Amino acid sequence: MNGPFQIALSPSYVVPEELKVLRPEPLLLPGESREQYDALQSIVLGDIAPRSAIECLLAFDVAELSWEIRRYRSLRHKLLKAFRHRAVEMALSEIDLVGIDERTKGVARARIAKNVLDWRVDPKSTGEIDRRLLAYGFDQTSISMEVYLQVREQYAFFEGLIHSASFHRISLLREISRARSSKTVNPPQ
């Protein structure tokens, strides 16, 4: 029951020539792949298999919303990673700034910032700093908790974007389904 499974993807949908003019140009951010966007759009169009120009337009919108959801999730993840270094810096400050004279705190803060940069890019430094933090009670869970506390407003913003795009995508899919079911109930005469 929990074994591997196969997903049979629909064959790629080929947009009819006369409808290609309706295909919106994707608005990609730097670092996003046109090939990945086109692949996602092809899969979505293959699953929906539009039967009319209106369905094709709605399917393009579903693909675009799917791409936006993917983008928002990626940005949300990058946000968490960016704030993780701040949480590590705060934890190191709690450890290293105790008992430091006010005149030398600036130098100590600069050294902590340098250590955090090393923590981000050097696996050896990462291990040393993680062990040091753990020795003072800052495990990965407590660091993650601090990250979520720092990022909660921005995180909620991305959650709202994801929810809104998901709701809109579901609405479009329902509209396609409703239109198709009304055509089968009332076939053209």
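A charge sits over a ring if NZ of Lys or CZ of Arg is within 6 Å of the ring centre and within 35 degrees of the ring normal. The model discussed here is predicted.

Q: Over the ring of which residue does the charged end of Arg-86 sit?
A: The cut-off for the distance to the ring centre is 6 Å. The charged end of Arg-86 lies 4.5 Å from the centre of the ring it sits over. That ring belongs to Phe-83.

Q: How far apart are the end C-alpha atoms of helix α1, and what span should its residues give?
A: Helix α1 covers residues 34-48, which is 15 residues. At 1.5 Å a residue, these should span 21 Å. The end C-alpha atoms agree with this, because their separation is also 21 Å.

Q: What kind of aromatic pair do Tyr-148 and Tyr-155 form?
A: Their ring centres are 5.6 Å apart, and the planes meet at 75°. Planes over 60 degrees apart count as edge-to-face. The pair is therefore edge-to-face.

Q: Is Phe-158 buried or exposed?
A: Phe-158 forms an edge-to-face pair with Phe-157. Phe-157 counts as exposed because its relative accessibility is 51%. For Phe-158 the relative accessible area is 13%, and the cut-off for burial is under 20%. Phe-158 is therefore buried.

Methods
Residues numbered from 1 in each chain as written. Predicted model: local features only at pLDDT ≥ 70, side-chain atom pairs only at ≥ 80, totals over all residues. Heavy atoms only, no water. Helix = DSSP H or I, 4+ residues; strand = E, 2+ residues; numbered from the N terminus. Expected span 1.5 Å × (residues − 1). Phe/Tyr/Trp six-rings, centres within 6.5 Å; stacked < 30°, edge-to-face > 60°. Buried < 20%, exposed > 50% of the residue type's maximum accessible area, 1.4 Å probe, protein only.
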